[in-house]
Amino acid sequence: MTRQNSAVSCGQEAMRNIYLAAHRVWVKLSEDWIKATRRDSISMKKALLAMLTIAAMSNANVSTAQDAAAQANNPLAKIQALNLQNYYIGALTGDSDATANQFVIRYAKPLSVGESTWLMRVSVPVNTLPVGTDMNDVTDLGDISIFAAYLFESANPDISFAIGPQIVAPTAQDDRLGNDQWQLGIANVYFNATSSKFQYGYLLTYQNGVGDTNGRERVKLAAVQPFAFYQLGQGWYTGGAPLWTFDLNNGDYSMPLGLRLGKVIKANDTVYNMFVEPQYNIAHEGIGQPEWQIYFALNMQF
């Protein structure tokens, strides 16, 4: 073999070695790039899945909070409830200097009777009223009321309707703070929460004195409580739930209107509903009706 051919062969061998080395480097780089791409793809998929999960959880939390806020004022919610409510009455008709107060402890619990569902609600008032010729304040237990409402099944679970008997017991420790007679009646409640933004409904009651009236006029009372609530977001809401009362014996009545600001907070399994609702009596008849009052409360569902 000539020197020239030998040089050519050496050159070809060198080129071949360079090619093989470059090929190995390229293959190694390609493998590393593919692995990195796969890792990045898996990481991206994991990150995307995590973001979607967080978004779903966030939406679920928002939905849960919205549901809790929408149901927080439902008097027919199928859940135990304890309400601490207070009416401070700043002025009474017939005596602008007189004030009054009513604090109410209210407990509600759903009950199953056979295949039917009932809601039992007990209201225990503590009244402070100016009584007698000197109009001195007297504070003591008032008449306890209980109603048991049959909950009708609805095709829409966001609509609640119930009706049932009501009993008022003459438990007032001072006769001037109650009617001093047993009363029987009926209660009807409707609540519509088909919208997460706006809920509305009513409470109707009628009660009539029965048995011995202890020399007092037999009671004939009716009450209407319309309510409407608008959710503002973040658990805040507004609306109102004025209680209109009518004495069917003497024609006295009271029809306040108010505007509520409330906040609903869900902590663990308890929903806390705090609000204040100033009310002004737009129409009334008779002495001793509230001219204006402040209604505030802490309601708990658990």
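The model is predicted, so I kept to its limits: local features need pLDDT of at least 70, side-chain atom pairs count only at pLDDT 80 or more, and totals for chains, interfaces and linings use all residues. Residues are numbered from 1 along each chain as its sequence is written, and side-chain values use heavy atoms, with hydrogens and water left out.

**Salt bridges**

I found three salt bridges by this rule. I looked up Glu153 and Lys78 to begin with; their closest N and O atoms are 4.0 Å apart. Glu153 lies in the loop between S5 and S6 and Lys78 in the loop between H1 and S1, so this pair ties together parts 75 residues apart in sequence. Helices (H or I, at least four residues) and strands (E, at least two) are DSSP runs here, numbered from the N terminus.

Next I checked burial. I used buried for under 20% relative accessible area, exposed for over 50%, and partly exposed in between (1.4 Å probe, protein chains only). Glu153 is exposed at 62%, and Lys78 is exposed at 54%.

Then I took Asp174 and Arg176, whose closest N and O atoms are 2.9 Å apart. Asp174 is buried at 17%. Arg176 is partly exposed at 47%.

What is the N to O distance for Arg260 and Glu277? I read 2.8 Å between the closest atoms of this salt bridge. Arg260 lies in strand S13 and Glu277 in strand S14, so the pair ties together parts 17 residues apart in sequence. Arg260 is buried at 3%, and Glu277 is buried at 0%.

**Strands around S14**

I followed S14 (270–285) next. Two strands pair if DSSP finds at least two bridges between them. S12 (residues 253–258) runs antiparallel to S14, with six bridges.

Ala267 has Thr270 as its bridge partner. In this hairpin two residues stand between the strands, and Asn268 takes a positive phi near 55°.

On to S15 (290–301). S14 and S15 pair antiparallel over ten bridges, and Phe275 is partnered with Ala297. Four residues separate the strands in this hairpin, where Gly286 has a positive phi near 105°.

**Nonpolar core**

I defined a nonpolar core as a set of buried Ala, Val, Leu, Ile, Met, Phe, Trp, Tyr and Cys residues joined through side-chain atoms within 4.5 Å. Which residues touch the most other members of the largest core? They are Leu76, Phe227 and Val264, out of 26 residues. Helix H1, S7 and S9 are among the elements that each supply at least two residues of this core.

I listed contacts for Val264 (heavy atoms within 4.5 Å). Leaving out residues up to four places away in sequence, Val264 touches residues including Ala68, Ala72, Tyr237 and Val271.

**Two more residues**

I looked at Ser160 in strand S6 (residues 159–169). Ser160 is buried at 12%. Beyond neighbours within four places in sequence, its contacts include Asn74, Leu76 and Tyr190.

Notes
A salt bridge is a side-chain nitrogen of Lys or Arg within 4 Å of a carboxyl oxygen of Asp or Glu.
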